[in-house]
Structure formats: structure tokens, C-alpha cells
Amino acid sequence: MRKLDFKQLGRSAEYRSAPFWAWNGKMDPAEVRRQINVMHDMGMGGFYMHSRTGLATEYMSEEWFEAIKSGIDEAGKLGMEANLYDEDRWPSGAAGGLVTADRKYRIRYLELYEDNEEIPGRGEDILHCWSYVIKKDAENNLLEYRPAAADEAVQSPQQLIRIVVRIAHDQLGFNNAAYLDTMNPEAVQKFIDFTHEKYFVECGSEFGRKVPYFFTDEPNYLDTITRNRRPWSERLPELFKAAMQQDISEFLPEFFFKIPARFSSARYVYYRILTGLFAETFMKMVGSWCENHHIKLTGHVLREDTLTNQLFAVGSAMTHYEYMHMPGIDLLTEKWLTINTVKQCSSVARQLGKKRVLSEIYGCTGWDFPLAGHKALGDWQYALGVNYRCQHLYWYTMRGQAKRDYPASIGGQSPWHRVYAALEDYFGRLSELLSNAEAVAELLVVHPVESMWGCAGSYDQKLSYDQTLDAAFASLGAALVQAQVEFDYGDEALMSKYGSVKDGRLAVGKALYRGVYLPEVLTLRSTTVELLRSFSSAGGRIYYSGAVPQYIDGQVDSSAVLAQLYKNFIRLDRNDFAGTLAAEFAHYSIKDAAQQPAFGVVACQKRLNDHTCLLFAVNVGCAINGDSFDMPNVLERQNVLSDLQWQVEAEPDCVVRELDIYSGELYENTFSIAAGQLCWKANLAPLQSRCYIIGRAGELPAAAQAAAISSGTAVKLQEHPAAFSEKNLLVLDHANLQIDHKIVAENIYILDGDAMIRSQLGLSSRAGAALQPWKIPPSSAGKVDIELEYTFECRQVPEDTLQLIIESPERFVIELNGIKQSNQSRGYWCDPALEVVDLQSGSLRCGVNTLKLRSCYTSDFAGLEAVALYGNFGVAQGSVLTLPEPVYSGRSLTEQLMPFYSGNTVYNYTFELPESGRCRLNISRWSGSALGITFDHGQEKVLYSPPYALDSAELSAGRHTLQITVYGHRRNSCGPFYYQPEHGWIGPHEFQVKEQPEKITVPLGLTGTVELLLAR
């Protein structure tokens, strides 16, 4: 790697994030350009132009490409990357249903039915049908089965079942079509012709320049998981017969039920064929097209985390990364800490020489996910091999259902967006640093997914085909990371193609390993067996845990080949394997006072050049264990790691420097050296990361780091009323509903009322899988007159004029207390779709007020949404308007007449210093997205993650000002209001859930004490 100026790192768009840009409304080239400039100001390097629910511009039309070209042009002017997305919504393959409107290109399902069950769909969509007589035990395990005639009479305990192959029926999520048959080359070529070739015609001249990436999202061979459905391809019978010398129809019941034997050779062969078909068809065809057209394929496959989930949808996630130029993953919510998901992808990237690894990140986290979470989730993934963030999502519009599409919007609608750039600087610098460094892992761990193939009969309530295998896999990755072992996973399909033995090392592609670990597996490929035999014969060290596997290529190892081979391997206790491997393969350690690997640390070591390496470590703030889908929320991860002992192997003339990733400044660090080990001490606060550069002193000039202020004299702060970036709100989302002048519901939740109207009109639901607006003909349904009547109480009439936040005000007649109001927009709040209209002075009165909205509901309407009063007022008892009161720190805004406020709050202080000096500011408790600190109206310092403390520059004796800005979020104004905030998943469905009748808001503001110390 070239010699680096650390301060210059991360400036190129290549190393900065590129969010999913949700194109979810009527696309306007001017608005496209405006929003790109917002992203640029936020520090982002690019974007992915991604059709989402709500798209009103016809997909792939001339108007669509006009917007695409505007995006590419504006990105080019700003030095950004304009990336493409290959689908209308997801998963990739159906082209918004325009390809799969032809039923011959649709996905096929293998489905099981009881004898008396009706098979849904059209009769001509049933391609094959087999009948079986089966016998099950009380736990639904299959004891015996045999083929049968369709009309055969059976008696209990036997029963007759049918297994059919069915073409997928029409689904709203695919615009009344279905998903693609991704294992059919003709279908995949049709998708490529319709999508990729059209993009190439329209903007191919910019491929590889302004347009570097094409994103494919969640392609799979089984798009919907149900108990009685399995994947199918018309190519399966021939391939299965060649592998098993028997017809696949002889084994179909084993794909749906558990059998007395844990492992089934037929299942193994079935899933091995499916995995190969999907890889060699969809993934290879799309990847090869991109290669031939000078654009890089990126994205991720569906369900890449547990063994069972991979088997459900793609067979083996790692196999498919071969065909991506930048392989990627999807990690949802803040509660998932799925180490294996990252390691699978980064392992293939390293082995096949792929420089970049993408993470589709922050999805489903909700509006109140703080910027500390943005840093924390990115940090641990970067430590494991990710180096490119694709944020989920930046919305083009918040109109209608779009505002519930997995918030928050990581863009202009969020009140913190103007201070996001420093976080992008941080990750840009870290990305370039890690992307151009060389991993040092010397241990290869053979991936156990193929063992699950043979166990996939019926799955349990935890969606697992075999909980022992799933749990062991989750614990495997967690244990190795906790033990600070650098390792890669080896996918057996890729090992068969790229594996060899070179100079006593086991090579997989470009990666070399001096040791292999075999977790407990049930089967190995014959190619893996021969590779291990060669490596062992060359003196390679091979470790294993558990029992010797009994199958090769899914068939019984009747010659005991494996039993003989395993005698040459080193057996490890399955409960303590990680410690043994660490002693052999770890080149660094981060230990606590008890000389144990530090609790909750994720770290990596990489080479920068022949004499220089880095050590990047993150405190995730909680235990790393196998329960990786239910971790504490980010702000609940409070584990402090004190007096850590850091140690790394190094040459005698090396020094340790600490890199401030935010600034690029390299600082001196105190250390000792003995027996080839550099040693030093440092703490890790919750969610804190540290990056050390180890190399020759002459190549690493560093500055002395100012000592943090640890004590001082308390300075009295005089607090003044807070100021606000926005006005206050009162959200109204329940109303009396009239349809065609008849009252149909009283005090109905607005989304329920909207569903009622749409049902009456024969329109589809506005849920996440709704028919896209561009597919709905304007005259596809009738129309109804509606009236919404909201009531609210006013205790004291505010002095200033009120406004109403409402979508599409021009469609409504607005009355307040019988007085007609203007429906002319006066601008917008938060998003251009959320327009503001003035309410006449004098319309509001003390007591009960009535707001009426009348309109004509037609199929082209985005739908009914909550409205809000907007102005300088207070909100008491959750819904009563009153006069505002001054706001101070110490309590949440929700307790100070501002329960629905969601902007930024500036807390104002003055103080006197008896003498000049530096001050330490400590903030005990607060709730929001980030903190901004300003002394004497100077440059703001934003605190993105703990510790929430700041040392000032030198301040003169005398009077000073201090402003503390709590950057807000839209949770208390946009919801979901009736769903408990401790839940870990926020998507469209959660806005429909009503767990309690009253609105639930979350704390916001400076809720604790503020301490200022003058350094002694």
C-alpha cells in the first residue's frame, strides 16, 4: 500500500456512503437535482436510484429515464457517484412485473397439500402433481411414505397428500404479476434484456465513470417462506436423476417433513443442485453482463444470516458473492449483531480479490435511531470487513404511504441532516484506510451450511430446520471474534474451484492460510476432503471439534474415509476451541485486568505496507454471543472497558501511534516493547472505537495529544430559555369519518379509515406490497365524497396565527369551527409533501374546536394521512392547546408542553470565568440524535457518540456563552404512535399496530445535568 497522508483519506466519493434513494413519488428532474445537493452537503459520495412503494412515474418509461439522466448529470457536476438499481422495489428479477406478466417466466413452487385442500390459482398453473400415502407420529415427523394414486383410499393413521409444482399467482407486490424464475436462463435473460440493456442504451456511456455500480437486491430461488412451500426448477428432475440415479419424485415428502434419520442424502442433493442453479443462472448471468458492460455488480442476496435462512432462499450465501464485483450484505435493525453475515461476505471478497464490501445498513431502526447508532453499527461491521455503507433509506418524498417505508429517512427530512457530514468524513477516512490494507487472517474455517442441506425437512417455530446446527454456527463466529482470532470462512463450492495447496499453505484464491478449523459438520464435499488431505500431507495444521462426519457429498461414507483422515487432525473441545485457536493464530490481543479477551470488543489487524499495520478496535458495549438477533438497543450498550492491555507483534524499531479517524491527526502514544511485542494501555468507553498505527517512527510523524481534563473547579452556569429550530405541533390522527355523507365511523384511526374507503372503492391496501401508483389506471375505480371531522380542545388561544400541516391541501375544503379556510400552500414542513396552510386568525376558540376536511377520494389519491396543527403554542395532557412556556434542561420536551415536537433544541447558558483556562463540559443525560456544543457563538463541535464530554479551547477570563443543541428526530411527530418503542423493528406494518389507545412518545431534549469545570 502507498504511503498515506491520513488527513487526506476519505475525500474521494469512492470511499463515502451512497444511500438507497427511495424514488417513491412523481419524479421531477429539478427536485432530483435539489436532493442530490442535499446529499452532497451531508458528505455522501453517491446514491442508488431505487424505485420504492409510491412511485407514480411509470417505471422504465421515458419520464423515468429523464429523472435518471438528471441524477447522473448532477452527480457528475458534484463529483458524486450515481448508481443504478435493477428493480421496481424488490426482490430483483421481475422488472416491476413487466417481465413476469408472461407466466412462463414466473417462479415455480413445490407445494404440499392435504388430500382435501383446494389448490389456489389457475388450473393451468399446476405443472406437476404427485400423490403419496404417508404416516406421521404425534410430533408430525414422517415415519413412512410411498407413491399413491390420486384417488387411493386410505385409513388412519395413514393419510393422502399431494405435492404439486405450481406457477406463482398474481401478487400486488409484483404489480399483479409474480417473482422471476431465477433458475431459468431464458427468464433471467428476459429480465436482463428489459432492465440492464435498457439502462445501457440510455446511459451506458457513463458506465464505469459517473455510474460505477448496478445494485441487485435480494435475488433468490424462493421469495416467500411458508411451511408447505419449497423451491423448484424444471431443470431439477434431470440433474437430480444424474446425481442420485433415482427420480426426484421418489423423495419429495422428505423435503417437507422430518424423518427418523437426521440427515437425508436426497435433501442434500436437492439443495446442492438448487444452489448451483441459482448461482450459475441469475448471479452469473447478471454478473457477466455487468462485467461485459464495464459496470460493477453489487447488492446482496436474500436471507444471508443463519444456516436455515440461507437454505430457505439461496442455499449458501457465500457461493453467490463470486459474481459480484462488490459483494454485499443487509443488516437490519439496531438489534442484529450477526457476525457471520459480515464474515461470510468479507471472506469471499478477500479470497477473490474484491476490494470493497457493501452493507445495506440502518434499515428498520426507526426515526429515533441516534447518530451514535450510525457510528456504532458501522464501526463493528468495518472491523469485520465491510468498508462501504449503503444507508437505508433516503426518501424522495414523504407523501402518503412513503413516510412509513422503514423510517428514518437518512436525508433532508431528518433535523440532524446538516451535521451528518463529519460522520461521513469519519467513515470515508476509515473506508479508504481499510479498503487498501491487507487482511492478515491465517485461519480458514470451513463453512457448515451444506450440513444443513441434509437436515432441511420441516422447520420449527424459530424458523430453524436444525436448532443445534443453527445455534452452533451463531456461536462459532461470536466465539472466534470474542477470542480475537482473525479468520475467514471457506465455502466448499468456492474451495472446489479456487482451493489448492501452495508452499505448505492452503490457498483459496488470493488468500493463504496456515491452518484450517472444521466445526462439527455432518458432510463434506469430496473436493474438500482431497484438499484437506493434500494440506495435511504438506504439514498443514487442521483442527476440528465434535464427531467425525459420516457423509461425503451427502452420501454415507461407507469406506470410513473421513474417520481415517481425521486421525491426522487435532481435536479441540467444542466449548473451548476459540482459545486454542487464538493461541496459535492471533497476532494481537486486547485483554482485561484478568488477562482475558476484552468483553465485547470487535477488532481487526491489517497491513498497510511491509513495515506498517493498523489495529482497529470497537467496544460494542455488550456481550457478543450467539443470540445475535436480540442485542440491546445501541444506547443501552453501556459496558465500559477500563485499563485494557493492548499487545501486538511488531519489529524492534516500531512505534505505536493513535489515529483520530475524525480528523486524520496522528498522535503519540505511550508504549513498551519486549520480546517482539508492543504493549500499551487504553480504555474503551461504550461504543468507542480506537485505531492504532504500528510502524517505524520516521514514517509516522505524530503530534503530542493534549491530556483530557479530568478535574477542575465547578463553574456556575446561568441557564436561559431554550430556542427551537421549528414550531410546535399537535398531531391529529383520529377523526369521525363520513363516506358519501353518511357517518361510517367515529374517532377512527386515520389509516383504518383510509383502508375502509379503499375497500369500498375496490382499491388495494396501501401496505408495503401495494400496487404501485404508476400501475393504477386513473379510471380504475369510482370515487366517493368523504368528510373527516377532527376535534381538539383549546385551553388558551395562542397569540400567533396557527397553521395546518396537510398533504395535498388543494384536494380539500378546509373548515375550522365552521369557518372556511384557505387551502393554498404557504410552504412545507419537513418535506415538500407535508404542506403548510394558514388558519384564519379568530377561527380558533377556547373549548372544543372542530376541524373538517372534505374531499373526493379517487384512485389517484395518495391516501388519507394524519394532519397537524403548527404554531407557537403548548400541548397539555397530550392533546390540549395552551400557551407555550419557557423550556429548560432537566426534563424531556414531552413533559414541557411539547410532546410532538421533533426539531432541534438549543439550550442557552452564560457563565463567568475568574481566570483564563480550558474548561471541561460534561453532559449527564439527554435524548435525541446528536449533541452540538458552541462556546461564544464559535464553531460548533458535534458529539456523535459517547462519551458526551468536551474540552474547550483556551477561554479568557470574563463572561462567556454556551449553547448546547440537541438534534432531534421525527419519532414524536411521525410515529409509530401506538407501538411500544422497545420493539426492534420499524416498518410499514408497525404503523398499523395499536398496542394501546393513547399516543406513545419518547423522551427528547437535555434531560440531565450539565457540568462545566475550569481546569486546575
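Trainee: By class, how many nonpolar, polar and charged residues does the lining of the second largest cavity have?

Mentor: In this predicted model, the second largest cavity holds about 80 Å³ of space. Its lining includes L788, I806, F812 and L853, and also E807 and E865. By class, the lining has 8 nonpolar, 1 polar and 2 charged residues.

Trainee: Which residues lie closest to the centre of the largest cavity?

Mentor: The structure holds 5 cavities of 30 Å³ or more, and the largest contains about 320 Å³ of space. In total, 23 residues line the largest cavity. Strand 38 (728-732), helix 18 (750-761), strand 47 (867-871) and helix 19 (971-974) each give two or more residues to that lining. The closest to the centre are K403, V731, A866, S973 and C974.

Trainee: How do the residues of the lining of the largest cavity divide by class?

Mentor: The lining of the largest cavity is made up of 23 residues. These divide into 16 nonpolar, 2 polar and 5 charged.

Trainee: Why are the buried residues of helix 1 placed on the same side?

Mentor: The buried residues of helix 1 are E31, V32, Q35, I36, V38 and M39. They are on the same side of helix 1 because the arc they cover around the axis is only 155°.

Trainee: Which exposed residues does the face of helix 1 turned away from its buried side carry?

Mentor: The cover over the buried residues of helix 1 includes strand 1 (20-23), strand 2 (46-51), helix 2 (62-78) and strand 14 (394-395). The face turned away from the buried side carries the exposed residues A30 and D41.

How values were computed:
Residues numbered from 1 in each chain as written. Predicted model: local features only at pLDDT ≥ 70, side-chain atom pairs only at ≥ 80, totals over all residues. Heavy atoms only, no water. Buried < 20%, exposed > 50% of the residue type's maximum accessible area, 1.4 Å probe, protein only. Helix = DSSP H or I, 4+ residues; strand = E, 2+ residues; numbered from the N terminus. Arc of directions from axis to C-beta. Contact = heavy atoms within 4.5 Å. 1 Å grid on protein atoms, 1.4 Å probe; cavity = no way out; pocket = protein on both sides within 12 Å on 5 of 7 lines; lining within 4 Å. Points joined across faces, edges and corners; volume = space filled by probe spheres on them. Nonpolar A, V, L, I, M, F, W, Y, C, P; charged D, E, K, R; others polar.
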